[in-house]
Amino acid sequence: MKIEKKLTNKNDLIENQGLIKNQDIKNNLIENYDNQALNERKVFDNDYAKNKKAEDLEDSPEVIIVKNLTKDYGRGRGIFDLNFSIKKGVTLGFVGANGAGKTTTIRAIMGFIKPDSGNARVKGLDSWGYADKIKQYVGYVPGEIGFPDLKTGTAFLKSQAELRGSNNGNNINKLLSALHLDPTANLKRMSKGMKQKTAIVTALSYDSEILILDEPTTGLDPLMRVAFLKLIEEEKKRGKTILISSHIYEELEQVCDYVVLIDKGRIVEITDMNLLRNRPVRDLKIEFLNQEDFIKASESDFEIIRTQSQYNQLTISINKNDLSRLFEFLSDKAVKFISEVQYNLERHFLNLIRTKQQIIAKQ
């Protein structure tokens, strides 16, 4: 028997079963692939049981666990030795430049790609070994949306409901209204924004306990982004566990408890947003009316992080407990204005990447 295409797993076999004419051979291959998958699952389970009791798997407070996850595509592309976890009810953001590894990580968590080493687990189940089962728990928006050959958005939503065995009409209508989506439109002729809305409605409509959203606001206009973030905040209040990737820092600042910065396939930092929002240090920009006072301030013992002498301006970083001392110092100076320089997530991560690049340059 000659088979033109190599069939590496059961999914390949099913998709290309026309290549195999002999039904007995086909049945034997399917049985072999099933046994192989079963053996792989046993390996995953035996390895994990060394560190965790089986009865604790689905009730673990850590709903998603990524451990030493690596997928190397060569030439520095891929993800390398990633480690993080998401507890129940927590929203974790994933941010990085295009090609940083966000989608590869998410696809590994969803069980769409097999890691070279390490693993990802959802509710205690290995993502690759139990890819079919974990999808029962997850509402998912992919980074690239492709629809089946159906005529309308309504037909797609109906087919998804049938596959999930769920009657979620009321929830779908609520989501359609919130996102101003007409599902009767031709599925293939939908704009990027309409396709994105359809994917979001599908992911949120089944009351899944876990949401994994890969750049879900791509293609949405500003008003719809606001509407989407409001929906996510409602899901947070309902105790959902959420992983959301984006390249828009403001979105993650609004809804996330923690944010992972990934750069060139490696985690740079996992930031606690509560600590970032309530950092004890403030950055203040001060402009003086004359050069004399500007020079006196420049020579003071306050931590100066930027100087713009042409404007008689300087920016200082100061602990909130020292503000009274600063204002006392400025009481006899001719100050034109004082303004706080917002320290946000984007600035924080840019500083981290800049520091990382400087360290590498010195090596």
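This tour moves through one predicted protein model, stop by stop, saying what to select and what is found there.

Residues are numbered from 1 along each chain as its sequence is written, and side-chain values use heavy atoms, with hydrogens and water left out. Local features need pLDDT of at least 70 and side-chain atom pairs count only at pLDDT 80 or more, while totals for chains, interfaces and linings use all residues.

**The whole chain**

Begin with the protein chain, which has 13 helices and 14 strands; helices (H or I, at least four residues) and strands (E, at least two) are DSSP runs, numbered from the N terminus. Of its 363 residues, 43% are buried, where buried means under 20% relative accessible area, exposed over 50%, and partly exposed in between (1.4 Å probe, protein chains only). Contact means heavy atoms within 4.5 Å, and among contacts between residues at least 6 apart in sequence, 65% join residues at least 24 apart.

**Colour by confidence**

Colour next by pLDDT, the predictor's confidence in each residue, from 0 to 100. The protein chain averages 86, and 83% of the residues score at least 70. Select residues 1–21, where the pLDDT is below 50 and the model has 25 contacts beyond near neighbours in sequence; then select residues 48–57, where pLDDT stays under 50 and the model has nine contacts beyond four places in sequence. Where pLDDT is low, the predicted coordinates should not be read in detail.

**The loop at Asp116**

Select Asp116, which lies in the loop between α3 (102–110) and β4 (117–122). Its relative accessibility is 46%, so Asp116 counts as partly exposed. Show its surroundings and, leaving aside residues up to four places away in sequence, Asp116 touches Thr70, Lys71 and Asp72. The C-alpha atoms of Asp116 and Asp72 are 6.9 Å apart, although these residues stand 44 apart in sequence.

**Helix α7**

Move on to helix α7 (residues 192–204), whose 13 residues reach 18 Å from the first C-alpha to the last, close to the 18 Å expected at 1.5 Å a residue; the expected span is 1.5 Å times one less than the number of residues. This helix is mostly covered, with 10 of its 13 residues buried, among them Gly193, Gln196, Lys197 and Leu204.

Select residues 258–263 (β9) and 266–272 (β10), two antiparallel strands joined by six bridges; strands count as paired if DSSP finds at least two bridges between them. Ile262 has Ile267 in β10 as its bridge partner. Two residues separate the strands of this hairpin, and Lys264 in the turn has a positive phi of about 55 degrees.

**The four-stranded sheet**

Finish at the open sheet with the order β12-β13-β11-β14 and antiparallel pairing. Strands β12 (303–308) and β14 (335–340) stand at its edges with a single partner strand each, so one side of each is left without a neighbour in the sheet. From one strand to the next the twist averages 20 degrees. Inspect β11 (residues 281–288) beside β13 (residues 313–319), an antiparallel pair with seven bridges, in which Arg282 stands opposite Ile318 of β13.

Note on methods. Axes fitted to C-alpha atoms, helices over the stretch in contact; angles between N-to-C directions.
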